[in-house]
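Please give a short report on this structure, with brief headings. Start with a single residue, then widen the view.

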Amino acid sequence: MKKGMQRNILFLSTDEHHFQAMSAVGCPYVKTPHMDWLMRNGVAFSKSYSPNPVCGPARACWFSGSTSSENGIINNQKKSGTRADRPKMGTWLERHTDYRRVFAGKWHAGEHPFSYAIDGFDVILSGVNRNGMLSDAAIAAASEAFIRQHDGSQPYLLVTCLQQPHDICESIRMDSQPMRELPYGLEEKDLPPLPENFDYRHKESAAFPKPQNAQWTELNWRYYLWSYYRHVEMVDAQIGNILGALRDTGQIENTLILFTSDHGEALACRRATQKNTAFDESARVPFSLCLPGEIPAFYDEETLVSGLDIMPTILDYAGAPIPPSCSGLSLKPHMDSLISGAPQPPDRPFIVTEVQSNTGRMLRSSQYKYVRYDDDSELLFDMDADPLEMNDLTEDPQHFDTLVRHRAWLREWENARDRHPDLEAFPCK
Amino acid sequence: MDPNIQPLTPDILARMRAALPSLSWPKVDPESSWRKSYRIWESVGMGWNDNLQSRVLGSLVLERSPIDSSRFKLKVRSQLLMIHNPDGPYGGLREIEADLECELDALATPRRWRVVNRFHRHGQVMEHLPLLIEGRFEDGLISSSINGRPQALEIAAPWSNEWCLFEALPRMAAGDPTEQRFQQLHQMRSALPDQRLFRRAEADYVSSHYGPLRCFSQTGYANLPIDYWVDDKGDLPFVTNLHTAYIIDDQAEAKIERILKDKVMLQFEKEELAQ
């Protein structure tokens with residue numbers, strides 16, 4: 001049965017966005033007034049994780065609602081599309097609601113990064129791969145034009161997938177020479193400091209990120225951090241244009257805005273750049289849900305959230321049933337409970353992130369992070385006591401019971417997956 | 001990582017075959033009527049030769065005509081190709097046509113403007129997605145509207161726009177180039193505060209292809225450093241910004257038309273390919 005709902009939905013994403021790279025969460029090196037608005041005018045989730053911290057797999061999870069080991073998209077090279085026998089966000093909404101479904105920007109959900117043929121969506125503008133500097137302004141302008149011409153006769157889901165700060169990958173590639181002095185009149189005081197875990201290394205695993213950019217001096221590393229924040233500001237400016245269109249047209253109070261990123265950015269933690277690891281700098285992402293006037297402003301530091309929750313949440317708000325193939329949960333009941341004044345966060349003890357082309361998995365519980373790779377190496381961190389993940393507890397006798405419990409949870413999670421037929425089984429510890 | 005990769009300069013663009021070593025451009029009086037056309041090109045820095053990620057992305061055409069001794073008109077046409085997959089095809093396009101009336105001051109401050117945005121899909125303009133920006137700057141205040149609806153803009157003088165800076169740089173280079181601090185109204189929509197435009201003499205060099213080049217740089221909020229390369233006559237043949245370059249090219253629009261017609265990616269300049 002089709003259900004007509006009047007509330008619009010805007011799914012707004014950035015790309016390669018470190019969870020702390022916003023002034024709203026206390027970062028002094030960047031100014032992000034528009035993201036700050038999103039983080040302060042709804043529920044902002046602190047413990048939010050990418051389902052697979054690299055572009056294609058994360059987006060395949062968003063739009064299929066199923067994990068990488070189920071949908072088959074385990075790395076950026078996979079272009080086969082998610083499983084044909086599983087529902088996808090656009091076509092499912094088309095079948096079950098009257099929502100108009102519009103897409104602008106980066107797709108990459110197990111297919112090419114940009115496409116004018118996305119199942120269930122009307123694509124108004126694609127983009128330019130690896131050039132968010134130019135194409136984000138175009139993607140935001142097309143989104144803005146769509147919002148401004150909306151006449152209210154039909155509710156919409158507008159998906160706007162911006163590309164920045166992903167261009168930091170190009171900054172890194174183009175900065176190959178050791179830096180002895182700062183360019184552009186910059187002074188050291190202008191640059192962010194290195195993170196506390198910059199030099200931290202511990203036991204090696206096959207999948208553990210290797211130190212990168214060995215030729216870089218400390219100035220290179222700090223200039224890279226400075227550059228990253230400029231990329232973040234670029235996308236913030238474009239988010240401002242989209243929010244401005246919602247405000248100008250009076251749609252801001254009738255539009256649910258879901259804001260997140262596909263994955264994070266290493267930001268010099270462990271001498272690394274980019275992503276694709278289970279560490280927080282790579283796997284943890286911004287996440288907020290805004291519906292001004294309804295959802296109260298709240299900084300949620302407890303609830304575990306996954307990118308797998310996006311599809312069920314959007315479907316739930318649109319009034320569509322949630323297909324059983326969705327691995328995540330709708331966050332709408334949690335939002336409704338906050339509105340009613342009796343908070344009831346989702347009842348789940350952990351979430352799981354998959355990494356490294358199906359060779360590693362990370363299980364995040366309320367206090368701990370457990371990581372296992374297919375070479376049997378493991379990591380265990382107390383995230384409350386050790387948020388920079390510098391003290392591996394797998395050898396600590398006092399945490400043996402915790403380790404065993406987290407191993408069992410991950411095994412239980414793996415056994416519950418309807419694994420994609422092309423993927424090999426992941427060895428169980 | 002290719003150890004030779006470094007920030008773009010005009011000679012690196014020549015080495016990467018994005019600009020012809022024999023490239024020349026007409027010398028014009030910066031305060032006269034002129035038309036300049038730039039090809040927008042990018043390399044994602046994967047390597048020097050046969051870099052499949054290098055490509056033509058679009059064009060920027062500026063036409064200047066004086067109004068009187070204190071103002072001029074600037075007509076802008078910008079095209080940005082959308083790329084569906086690594087090898088094309090190119091079926092999407094974002095086009096901007098702008099008419100600005102500017103002050104003949106250091107930053108070419110806009111006084112009146114009309115900016116039409118168009119989005120093309122499969123060769124057709126998407127008429128249902130209009131985005132028309134109109135505005136004026138009077139008595140220190142900006143009034144602007146989008147699709148006829150007033151828009152709140154928090155911006156104050158000194159301010160400018162990136163298209164206007166292409167006009168202002170040659171005039172600035174011809175005079176006494178003092179550092180400018182200003183706000184940028186990006187595409188006449190996004191206010192970017194805390195911009196700085198300054199001479200960067202340490203980056204000047206004598207190009208083996210293009211002669212003496214002087215560098216002006218812009219840094220600021222929401223911008224990676226932008227380098228403006230001015231020649232010995234005060235013209236602006238190159239602008240580089242991370243992995244993107246604006247290269248003076250009077251065939252830029254024709255190249256975009258050809259790409260859209262043939263749906264074949266254009267990467268390098270022909271003369272270089274023949275070598």
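## Ser190(B) and its strand

Ser190(B) sits in strand S12 of chain B, which covers residues 190-199. Strands (E, at least two residues) and helices (H or I, at least four) are DSSP runs, numbered from the N terminus. Ser190(B) counts as buried because its relative accessibility is 4%. Buried means under 20% relative accessible area, exposed over 50%, and partly exposed in between, with a 1.4 Å probe and protein chains only.

Which residues does Ser190(B) contact, leaving aside neighbours within four places in sequence? In chain A they are Ala237(A), Gln238(A) and Asn241(A); in chain B they are Gln184(B) and Leu185(B). Contact means heavy atoms within 4.5 Å.

## Basis of the model

This is a predicted model: local features need pLDDT of at least 70, side-chain atom pairs count only at pLDDT 80 or more, and totals for chains, interfaces and linings use all residues. Residues are numbered from 1 along each chain as its sequence is written, chains are lettered from A and ligands numbered from 1 in the order in which they are written, and side-chain values use heavy atoms, with hydrogens and water left out.

## Backbone features in chain B

Gln187(B) lies in the loop between strand S11 (180-186) and S12 of chain B. Its phi is near 55°, a positive value in a residue other than glycine. Gln187(B) is buried, since its relative accessible area is 12%.

Ala222(B) also has a positive phi, about 60°, and is not a glycine. The loop that holds Ala222(B) runs between strand S14 (211-220) and strand S15 (223-231) of chain B. At 5% relative accessibility, Ala222(B) is buried. A cis peptide bond links Ala157(B) to Pro158(B), with omega about -5°. Pro158(B) is in the loop between strand S9 (149-151) and strand S10 (159-160) of chain B.

## The loop around His166(A)

His166(A) belongs to the loop between strand S5 (156-161) and helix H6 (168-173) of chain A. Pro165(A) is in the loop between S5 and H6 as well. The peptide bond from Gln164(A) to Pro165(A) is cis, with omega near 5°.

Is His166(A) buried or exposed? It is buried, because its relative accessible area is 11%. Beyond its neighbours within four places in sequence, His166(A) contacts Asp15(A), Glu16(A), Cys55(A), Lys106(A) and Lys275(A). His263(A) is 97 residues from His166(A) in sequence, yet their C-alpha atoms are 9.9 Å apart in space.

## Chain A as a whole

Chain A has eleven helices and twelve strands. Its C-alpha trace spans about 60 × 55 × 45 Å along the principal axes. A compact globule of 429 residues would have a radius of gyration near 22 Å, so the 21 Å of chain A agrees. This radius is taken over C-alpha atoms; the globule rule is 2.2 Å times the number of residues to the power 0.38.

Of the 429 residues of chain A, 69% are buried. Among contacts in chain A with a separation of 6 or more, 71% come from residues 24 or more positions apart.

## Domains of chain A

The domain assignment gives domain 1 (8-171 + 218-340) and domain 2 (350-415) in chain A. Such bounds come from an automatic or database domain assignment. The contact takes 22 residues from domain 1 of chain A and 23 residues from domain 2 of chain A. The C-alpha centres of the two domains of chain A lie 26 Å apart.
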